[in-house]
Amino acid sequence: MVDLAYVIAGSEATGGAGLQVDLKTFQQLGVYGVGTTTCIVSFDPKNDWGHRFFPVPAEVIADQIEAATAAHDLDVVKIGMLGTPATIDVVAEGLEKQSWRHVVLDPVLICKGQEAGAALDTDNALRAQVLPHATVVTPNLFEARMLSGMDDITSVDQLVEAARRIHDLGPQYVVAKGGVELDGEDAVDVLFDGSEVTLLTAPKVGNERVSGAGCTLAAAITAELAKGGSVADAAARAKDFVTAGIKARVSANTPFDTVWQGA
């Protein structure tokens, strides 16, 4: 029997992030992927590769969720970029219509190009309506700071404190990502289950962020959970998968490299 995983996320036109990365990750890890598109992001090569953001109408998202969940018996889902409060409303409603074995939330809080006020409304809606559904939430350093309410996160100890605070918002597990942005030779992520802290470490591969790393990590956790793994094992395997993908990164005409899921 084939394991299935579902993703509700944005499309990113260069193939280096979003739904494209999620489905590639699922396939690489032996899981049949089903996807619903929430928005379309296309970097603008004429404007320093800034984000162009187009939300898919809420009723079209609802139609996609209806079709996907009717066609397949889906019980593990990754939530990626949602982008607007209207999108969050319809996705939260879709989540509540059935029970889920696991919900993995990659809390993409800000899309560059959004108005600050609209971005804050989106952040607040995500925190209130989607975060409490999550089995696992995977914030990067910026997202961990925003969700925890901390002014600064510059050490592993502070990242642990952020994970504890985010856990209090409702998710069962927090994987807070330090990546290359914390000092030290290792890229350190923190897994917190409500009582125990586990550090996921790997030597840094350069000191620049690589596009798609966060999407890939959350998608890999989702795939491993779909196959029946524990959250701790899924997070550890996902860390190894992402590290290999960063080492084999793909360069393009963009100012950033992208993770290669096929590594």
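Is His102 buried or exposed? His102 is buried, with a relative accessible area of 14%; buried means under 20% relative accessible area, exposed over 50%, and partly exposed in between, using a 1.4 Å probe and protein chains only. Before I go on, this is a predicted model: local features need pLDDT of at least 70, side-chain atom pairs count only at pLDDT 80 or more, and totals for chains, interfaces and linings use all residues. Residues are numbered from 1 along each chain as its sequence is written, and side-chain values use heavy atoms, with hydrogens and water left out.

Back to that histidine. His102 sits in strand E5, residues 102-105. Strands (E, at least two residues) and helices (H or I, at least four) are DSSP runs, numbered from the N terminus. Setting aside neighbours within four places in sequence, His102 is in contact with Asp75, Val76, Val77, Thr135 and Leu225. Contact here means heavy atoms within 4.5 Å.

Now the chain as a whole. The protein chain has eight helices and nine strands. Its radius of gyration is 17 Å, close to the 18 Å that the globule rule gives for 263 residues, so the chain is as compact as a globular protein of that length. That radius is taken over C-alpha atoms, and the rule is 2.2 Å times the number of residues to the power 0.38. Along the principal axes, the C-alpha atoms fill a box of roughly 45 × 45 × 40 Å. Buried residues make up 50% of the 263. Of the contacts between residues at least 6 apart in sequence, 65% join residues at least 24 apart.

Next, two helix pairs. Helix H5, residues 141-148, and helix H6, residues 156-167, have axes that come within 9 Å and cross at roughly 50 degrees. Axes are lines fitted to C-alpha atoms, for helices over the stretch in contact, and angles run from 0 to 180 degrees between N-to-C directions. H5 and H6 are therefore oblique to each other; angles under 35 degrees count as roughly parallel, over 145 as roughly antiparallel, 65 to 115 as roughly perpendicular, and the rest as oblique. The crossing of H5 and H6 is left-handed, meaning the near helix is turned anticlockwise from the far one by less than a right angle, with clockwise being right-handed. Leu141, Ala144, Leu147 and Ser148 of H5 make the contact with Leu159, Ala162, Arg165 and Ile166 of H6.

Ile166 of that set is buried, with a relative accessible area of 0%. Leaving out neighbours within four places in sequence, Ile166 is in contact with Val137, Pro139, Ala144, Leu147, Ser148, Pro171 and Val174.

The second pair is helix H7, residues 213-226, and helix H8, residues 231-247, which pack at an angle of about 140 degrees with axes 8 Å apart. That makes H7 oblique to H8. H7 passes H8 in a right-handed crossing. The residues of this contact divide into 12 nonpolar, one polar and three charged. Ala, Val, Leu, Ile, Met, Phe, Trp, Tyr, Cys and Pro count as nonpolar, Asp, Glu, Lys and Arg as charged, and the others, Gly among them, as polar.

Last, Gly212, in the loop between strand E9 (197-203) and H7. Gly212 is buried, at 9% relative accessible area. Which residues does Gly212 touch, not counting those up to four places away in sequence? They are Gly16, Ala17, Val21 and Val259. The C-alpha atoms of Gly212 and Thr258 are separated by 5.9 Å, with the two residues 46 apart along the chain.
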